[in-house]
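Hello,

Here is the structure I promised to pass on. Please open it before reading further; my notes follow below.

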Amino acid sequence: MKKTLILTTALTGFAFAAGAEEITVMSWGGAYAKSQIEGYHKPFTEKTGVKVISVDADNPATPIKAQVEAGNVTIDVVDVEYPDAVRLCDEGLLEEIDPSILPPGADGTPAAEDFLDGAISDCLVTTIVFSTLYGYDSTKFEGDAPSTIADLFDLEKFPGKRGMRKAPKTTLEMALMADGVAPADVYELLETDEGVDRAFAKLDTIKDDVVWWEAGAQPPQLLADGEVVMTTAYNGRLFNAAIGEGQPFVMVYDGQVMDYDGYAIPKGAPNKERALEFLVFATETEQLAEQAKWISYGPARKSSAPFVGLYQDGKTEMGPHMPTSPENLEGALTTDYEFWVDYNTELSERFNAWLAK
Amino acid sequence: MSDASTAPDQTGPLTTADGKPLKAALAAAQAHRTRRAFYLVAPLLLFVVITFLAPIGQMLTMSVNNSGFYSWQNRDNGETIPLMVELRDWFDATPAGTEPDEAAYAALVAGLSHAKEIKAAGQIGTRINYDVSRSRSLFTKTARKAPKLEPPYKDAVLDVDEDWGNPRLWGAMRNASKAFTIDFYLSALDRTRDDAGNIVKIDEERAVYLLLFKRTLIMSALITFLTLLLGFPIAHLLAILPLRHSNLLMIFVLLPFWTSLLVRTTSWIVLLQSQGVVNDLWVSLGIISDEGRLQMIYNQTGTIIAMTHILLPFMVLPLYSVMRPIDPSYVRAARSLGATSWTAFRRIYMPQTIPGIGAGGLLVFILSVGYYITPALVGGSTGQLISNLIAFHMQNSLNWSLAAALASLLLFCVLLLYWLYDRLIGIDNLKLG
């Protein structure tokens, strides 16, 4: 009995030693995780022989906070949204990343200039730009179809239920833009009480006709079920439903709110060296472009754009579906992270209270 | 009698054959048995301590943990470094509401310089940001410049950002300067502290927790009542039918019980949504018009319908286990003595089912008070329960102390109800199966 025990223990130890050449990456699951597996994980394993294990979470920031605080970290690389990365970084839960390890773009531009503005923060290297925009079911509207952000709030012209994200972030911005505020003035206005009141007043006009969603998979489902006639959603999810599954959905880029999302390394990651290697590899020009072939999220490096080709169906040009493509940028807003890290608590409280009443 | 009593001329205390005093030998044997019994329950005890008591203790600690402004933990070596020491001393030395003087600003600059050195400025700012918006960027910005600031510090700091003169900010820092605080409980009860440290109500438009606590309790009570209303006749039918038929019916009760919670919740979405099965049926039958489709989901109605269905087995099963052994001859005797069927039910049958009603009611109520996933999916905006906001603070705002305070309050609520139940009906009367 004792012998068996020793033997199995030794074997387990051996298995661990043999498995040391693997890293665990935590992401959001669904079509997004798939694009990362195809764009980053597989090529990385091919190049280095290091196995990449993919783990999913609803919002990876939460388990990472728990793991690091408990001192039991099992994740090497984590995919988090930009404001979460800033907060976790502030609390000392993420490793700081030296930007000098990032190689220049394929065209020779240094990394600092190749990446979009602010895309490299202390603890996060941005991989994608995604946007929250609204889309509608084209079979529900004859003649006039929604085309501006104001139409999302116009119940007279386009009656029917709307889907909206159950969070103040992006919702308040869209309300102000629909009320005629120019994208450049949105955050300045939201810092004032009048601006916040104005946003909530605009939301009040459609409150009774809103179905609120939380998970990214919900809005395409709501549209497909006919539960709503238009809904805000992450652009990749709508793209997936419209192009990937052939649903009659049309995306409206006016008033889209763009966000960064990328890779970070939790403090105390078990294979930190390999994790850094993976992070550098994944954020190279070609790799970022490779991921963009699987989902319509814009690569964070400017030099990646020429490398983005066709969607996996072999006929859809990805370029026009990127939130960052020039014709889509008109009327677009880039999230102000400083603003949301500062005001999220207060505005969430107010939003939750507004919602519950 | 023991062997010792057979010895002749025994005058001293009784002893066993090997000469030990009988009393001690008995005690030893008893202790041995107690120990053995303890070893048998030890795994369970350990399990309960690790999986139940420890997390609750952790939650309670977290709910008063105020370390964001107080100390910083170095994740590389586990060392805990105190923060803002000078400023905390100044707060200790002055009464609440004191106008910050030059000494206070000097202490602030010293604290921020230190925080910048160990990269803790963001953590401090995040803590104050719970109470005063924009504090996070204010702290990180000022900390970056702090080492270069020169006296007089008050002017230098106000020069960096005039928001430092905000008395609310100083009040918030004072409240944050203790390692433990009840302030998260205050927030959880829609209360806050004013500049002088008095407890006051929060702005009307930000108050939400009390409303949700009340809504959670009312909706849970309603759901409990509905499950009782629906479950009582079912349980009664199950109890009086011959075993052959009742087993089949029992399967109908248990089948949904064994089905995944998520599947049942999403099935309700399919049934109740405005383009769903129920609405479609009613429209085709001409009960409602196509424009007048009812909104039965993504609101309170949806939450109540779905939760009543999901929690029904928790009411039926304890009721059934109590009703099964009730002897039908009691009711027959009452009827033969002239009671109407209503009186016989009210005075003879119902009192015997009280332990089942109590157990089922308590079970359903306690489960629904903490329900999370169903209201999140079908609750829309008005069908949310307090647990949804706890989840919000766990996952979204990452303010775990507030989440812990809300959860602790919920726990106290349930304990209070449990105590009330014990006083009114008696916990001994509970029959869970």
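This is a predicted model: local features need pLDDT of at least 70, side-chain atom pairs count only at pLDDT 80 or more; totals for chains, interfaces and linings use all residues.

How many helices and strands are there in chain B? Chain B has 18 helices and 4 strands. Its radius of gyration is 32 Å, whereas the globule rule gives 22 Å for 433 residues, so chain B is more spread out than a compact globule. The C-alpha atoms of chain B fill a box of roughly 105 × 95 × 40 Å along the principal axes. Of its 433 residues, 33% are buried. Take the contacts in chain B between residues at least 6 apart in sequence: 64% of them join residues at least 24 apart.

Next, the interface. Here 32 residues of chain A are in contact with 30 residues of chain B. On the chain A side, H14(A) gives the largest share, 14 residues. Helix H3 (61–70), helix H4 (82–90) and strand E6 (210–213) of chain A also give two or more residues each. By type, that side has 14 charged, 9 polar and 9 nonpolar residues.

Now the cores. The largest nonpolar core has 150 residues. The members that touch the most others are A:Val77, A:Ala85, A:Ala264 and B:Leu406. Helix H13 (residues 300–323) of chain B supplies the largest share of this core, 12 residues. Beyond its neighbours within four places in sequence, B:Leu406 is in contact with B:Ala188, B:Tyr209, B:Ile386, B:Leu389 and B:Ile390. Another core, of 32 residues, lies apart from the largest one. Its members include B:Leu108, B:Val109, B:Leu112 and B:Ala120.

Best wishes

Methods
Residues are numbered from 1 along each chain as its sequence is written. Chains are lettered from A and ligands numbered from 1 in the order in which they are written. The radius of gyration is taken over C-alpha atoms; the globule rule is 2.2 Å times the number of residues to the power 0.38. A residue is buried if 20 or more other C-beta atoms lie within 10 Å of its own, exposed if 12 or fewer, and partly exposed in between; C-beta atoms are placed from the backbone. Two residues are in contact if their C-beta atoms, placed from the backbone, lie within 7 Å. Ala, Val, Leu, Ile, Met, Phe, Trp, Tyr, Cys and Pro count as nonpolar, Asp, Glu, Lys and Arg as charged, and the others, Gly among them, as polar. A nonpolar core is a set of buried Ala, Val, Leu, Ile, Met, Phe, Trp, Tyr and Cys residues joined through C-beta atoms within 7 Å.
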